[in-house]
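Please look over the sequence and the structure below before reading on. The paragraphs that follow go through a few of its parts in turn.

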Amino acid sequence: MILVIIGIRLLEGMFAIGAIGSFIVLVLTGIEDFETLIGSGDSTHTEESAI
Amino acid sequence: MASSYQPGTPSNRVRIVVATSVMLTFISYWRAAAIVLNDLGSSAFYAAGIAEQAIGKSAPWFIVAVMLFSFTVRAVYVESCSMFVRGGVYRVVKEALGGTLAKMSVSALMFDYILTGPISGVSAGQYIAGLINDVFVTLDTHGWVPRAVHAMFHGTPHVNVNWTSVVFGGAVTIYFWWQNTKGIQESSEKALRVMQITTVMVVLLLGWSAITLLKQGYQPVPLPTGHNLQFGHEALGFLNHTELAHDLARKFGLLGILIAFGHSVLAMSGEESLAQVNRELAHPKLKNLKRAAVIIAIYSFVFTGLTALLFVMIIPDSVRVPVYKDNLIAGLAMYLWGPQILRLAFRAFVVVVGFLILSGAVNTAIIGSNGVLNRVSEDGVLPDWFRQPHPRFGTTYRIVNLVVFLQLFTILASRGNVYWLGEAYAFGVIWSFTFNSLAMLVLRYKYKGERGWKVPPNIQIAGREIPVGLASVFLVLLSTAIVNLFTKSLATEAGVGFAATFFLIFTISERANRHKHALAEQHLQEHFQLLQRDTVDRSGLGIRPGNVLVTVRDYNTLNHLKWALERIDTKEQDIVVMSARISQFGAAAYDLSTEQIFSEYEQQLFSRAVNIAESFGKHVSLLVVPARDVWSAIVQTANNLESSAVISGLSSKMTAQEQAFELGRAWEAAPEPKRQFVVQIVHPDQQVDTFRIGPHTPSIKSEDVHLIHRLWLNITREPGLDKLHHHDVVTEALTRFARDYAGRDRQDILRELRKTTGKTVATRAIGGDGNKPPARQDDDVARKKDDGPPSPPVVGP
């Protein structure tokens, strides 16, 4: 039972740390996404053919 | 000049130029986003229903959390795609994690891809069957159902929802099996149209829901706390009979949240499709990939996340799960504010959209599975037998058959139960994401090549980079995947069984193929010298302009190569033997490696071609190009090599005219500058059809030449026109014709031309849009038995 509880706590710890880190990823990539969308004017909307 | 070769002499091996850049029409990020959303967006039709059955009424908050988390998973895929690697998922993961984990990773990915088809097909069937039954109920309420029909069904007519879904899912899968066997290309245009229609539905749904909330109020969605979690009977899986199950939330608050999160991960299924479209993205690739990724993430968050909340806020508890659990968007449509007929019409629209998007996901699943199994087969992890091309269509039909067989089996085994399919599907989704993020994490240290972007943040400690962001995403995925192993017993049994079977097949095949592949590798080293080129040009092949391009595909049908070699003096004109290595749209995440492009099949094909050339004592240059569309590949190659003629064998599924038409169409789509060339299609009986591709001087009948001459004679007798040329007469006539065609006489002209067309079949246009015929069959050269190829160029540079 102790091993099960340790396993559960380990999983909870992994999830909690991962969730906090993922939140930071979300914020940082969100800022980058915003910049990407703002700078979308020079994008290519038309199809191109090339090798 | 053409390369020299003497097979068997290591110092003078057959030189083969292998182009590594795929010849394809690149797509904008909007189209790429549309393709991915066809898969990812389809989750909105079933994910929330499955989650609520498992964890209760607070499920929408977990769906929202998963959709937010999907932003970070998307970042991992962007990093994965930004690495300049070749060879497919298996090879990339193998480099990071070794052979065993790579096989496990591919097995999980296959489970994910294969399950995508059944869950999408069955879910579409649920929406259709649900609509049929509700229409019957409405008709019956108004007394519009005939008594005889009523008696036949012992009440209101109805269809069995689950079995109707099985039949529908099976029918859609069989339809796409045939399409993929024939090799019909997936169109990004079609995906874009589907997403445009879906967007109209989403906007209407959200707008109408907002009005409904204002008019009717809403029921609150319980907050995602441990106490609000109500795990269903099957939601605790193997934990169901343990002590833990009695009071999970109280004892292990976070574990309950983790279990609930695990039951909602299905909402981000389809994210992996982002890697499938990476290769096709237009320049600047990375920027467009990021743009596509952000569009996908925002769209799916709004669609899947917000609709999940609206289901609980608007649909009454009494019917939400009992009646509409498998078609919640349809249920939402029925409980919007407004007249019933309008709601029913909107529900029908929802069903049409569901049918389109979910059917698209079935096709994406077959293409994705086919692509992955092709790559692992090339790497020797699956027997080569699977890659034998279809005798008529040239597709890897055995792999398609295997995938579709597994999908049909799954559909039948599920008996139309979306919850069962969703549980199983979640296993593939979470484990393929977990393996992918683990591989990316390991590759941060092992991969030293070019990498366009990294998941932030990355911290430098003692000169070593710590990938904090990537590791965080991996931790969430791994903990969720492990918990799911215990809480989704059905998924674990099905997933582990499936993955273990595939793992076993891969392992046995790899062992069996090891010796064979070593021999093939040795044969390749001894007989062929692969020259890798990013692009195709004359200098790479060492050939002169005006050369002849001979296309080859099947080593049993090389008569047209013999025909060309009989007639061409290679001292005057070079011959290039070209094979296009076709990979379907969205079939692979990474570019192919040189060995994959020049596989065993190509070795056999070119060995035969070389033997034939040797028997004529002539030199040929050999070229392999990866391509998505064979016609575009031929046109682009002919253009780049400044070829004057293309010689092909007669296709087993098309007429010569159809082949020329397709080439003409590809020529029209090709970018400028482009050159005209002649196409000669050699029939098995050595008859030849000749066509000119691109604008060219038409063949003029002798009576037309006489007419021009008579007109010229008459006009030059007029004062001041004695210096007139014949071409001036033609120019004036054409200018007047163009004016009349653009004016009132258009219909008269078309009527006359239609009459003429029937009389001069040989000179009709066979391609283009009607105004601009791209290919034309010549009167004088059509179907002549011994006409050689243009030598030297019929159509000069």
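**Cavities, a helix and a loop**

The whole structure, which is a predicted model, contains 4 cavities of 30 Å³ or more. The second largest cavity holds about 60 Å³ of space. From chain A, the lining residues are A:Thr29, A:Glu32 and A:Asp33. From chain B, they are B:Arg74, B:Ala75, B:Val78, B:Lys290, B:Ala293 and B:Trp453. Sorted by class, the lining of the second largest cavity has 4 nonpolar residues, 4 charged residues and 1 polar residue.

Next, turn to helix 10 of chain B, which covers residues 253-262. Of its 10 residues, 8 are buried, so this helix is largely enclosed by the rest of the structure. The buried residues of helix 10 run from B:Leu255 and B:Gly256 through B:Ile257, B:Leu258, B:Ile259 and B:Ala260 to B:Phe261 and B:Gly262.

The last stop is a loop in chain B. B:Asn240 sits in the loop between helix 8 (188-216) and helix 9 (248-251) of that chain. Is B:Asn240 buried or partly exposed? Its relative accessible area is 22%. Buried means under 20%, so B:Asn240 counts as partly exposed. In sequence, B:Asn240 and B:Thr487 are 247 residues apart. In space, the C-alpha to C-alpha distance between B:Asn240 and B:Thr487 is 8.1 Å.

Notes
Residues are numbered from 1 along each chain as its sequence is written. Chains are lettered from A and ligands numbered from 1 in the order in which they are written. This is a predicted model: local features need pLDDT of at least 70, side-chain atom pairs count only at pLDDT 80 or more; totals for chains, interfaces and linings use all residues. Side-chain values use heavy atoms; hydrogens and water are left out. Helices (H or I, at least four residues) and strands (E, at least two) are DSSP runs, numbered from the N terminus. Buried means under 20% relative accessible area, exposed over 50%, partly exposed in between (1.4 Å probe, protein chains only). On a 1 Å grid over the protein atoms alone, a cavity is a set of points where a 1.4 Å probe fits but cannot get out, and a pocket is an open set with protein on both sides within 12 Å along at least five of seven lines; lining residues have an atom within 4 Å of a point. Grid points are joined across faces, edges and corners, and a volume is the space filled by probe spheres set on the points. Ala, Val, Leu, Ile, Met, Phe, Trp, Tyr, Cys and Pro count as nonpolar, Asp, Glu, Lys and Arg as charged, and the others, Gly among them, as polar.
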